[in-house]
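Here is a short report for a reader new to this structure. Start with the view below, then read on.

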Amino acid sequence: MPNGSPHQMPSRFSARRHVPHYSRLLFTSLVEPIVIFLVLSGNVVLALAATAFYRAEHGINPAVEHPFDAVWWAFATVTTVGYGDVAPVTTAGRVVAIFLMVSGISLFVGFSGFLVSIISSKATQELQHHDAVIRHRVQDVDTHMRGLSDRLDAMEKELRERREP
């Protein structure tokens, strides 16, 4: 493609330089107390659902022979993959499934929302800080320019006075 073509990729992917910055924001956000609480809550809900499903289905459902079968079912259900290889056959198992589906979606939405909110807040704070730094630098340049302008005015005045007899 000729240089300057609208379909030509830039020589350097412009977002690449921002990836480390956003990665840092993401990883620092993951240690926020609310995010840790939501992750732990999700794991507790998953473990409780797998345990309740195993107790309700083991011995009745031929697909649930081992506790890991219930853990597999819980992960497949909460992630909405639902392979179908393990499905509840008892009323109690179906109630556990409904509980896991609703709570899993709720925790995912809450986790996503809080994570985006935290990252946005941190990004806004950084932008405000950078804005303040830039404003300060502009004021410094403006002050320096006024000083240079005053000096230039003084030099022009001195030159005029020297030219006048």
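## How the helices are compared

Axes are lines fitted to C-alpha atoms, for helices over the stretch in contact, and angles between N-to-C directions run from 0 to 180 degrees. The model described here is predicted.

## Helix 2 against helix 4

Helix 2 and helix 4 pack with their axes 10 Å apart, at an angle of about 170 degrees. Angles over 145 degrees count as roughly antiparallel, so helix 2 is roughly antiparallel to helix 4. The residues of this contact divide into 19 nonpolar, five polar and one charged.

## The two helices one by one

Helix 2 covers residues 33-57, 25 residues in total. From first C-alpha to last it reaches 35 Å, close to the 36 Å expected at 1.5 Å a residue. Its buried residues are V35, L38, S41, V45, L46, A49, A50, F53, A56 and E57. G59 follows helix 2 and has a positive phi, near 90 degrees.

Helix 4 runs over residues 91-163 and has 73 residues. Its reach is 106 Å from first C-alpha to last, close to the expected 108 Å. Buried residues of helix 4 include G93, V96, A97, L100, S103 and G104. Also buried in helix 4 are G110, L115, I118, K122 and E126.

## The largest pocket

What volume does the largest pocket have? The value is about 380 Å³. The pocket is lined by 16 residues. G42, V78, G104, L107 and F108 lie nearest its centre.

Helix 2, helix 3 (67-78) and helix 4 each supply at least two lining residues. The lining has eleven nonpolar residues, five polar and no charged.

Notes:
Residues are numbered from 1 along each chain as its sequence is written. This is a predicted model: local features need pLDDT of at least 70, side-chain atom pairs count only at pLDDT 80 or more; totals for chains, interfaces and linings use all residues. Side-chain values use heavy atoms; hydrogens and water are left out. Helices (H or I, at least four residues) and strands (E, at least two) are DSSP runs, numbered from the N terminus. The expected span of a helix is 1.5 Å times one less than its number of residues. Buried means under 20% relative accessible area, exposed over 50%, partly exposed in between (1.4 Å probe, protein chains only). On a 1 Å grid over the protein atoms alone, a cavity is a set of points where a 1.4 Å probe fits but cannot get out, and a pocket is an open set with protein on both sides within 12 Å along at least five of seven lines; lining residues have an atom within 4 Å of a point. Grid points are joined across faces, edges and corners, and a volume is the space filled by probe spheres set on the points. Ala, Val, Leu, Ile, Met, Phe, Trp, Tyr, Cys and Pro count as nonpolar, Asp, Glu, Lys and Arg as charged, and the others, Gly among them, as polar. Angles under 35 degrees count as roughly parallel, over 145 as roughly antiparallel, 65 to 115 as roughly perpendicular and the rest as oblique.
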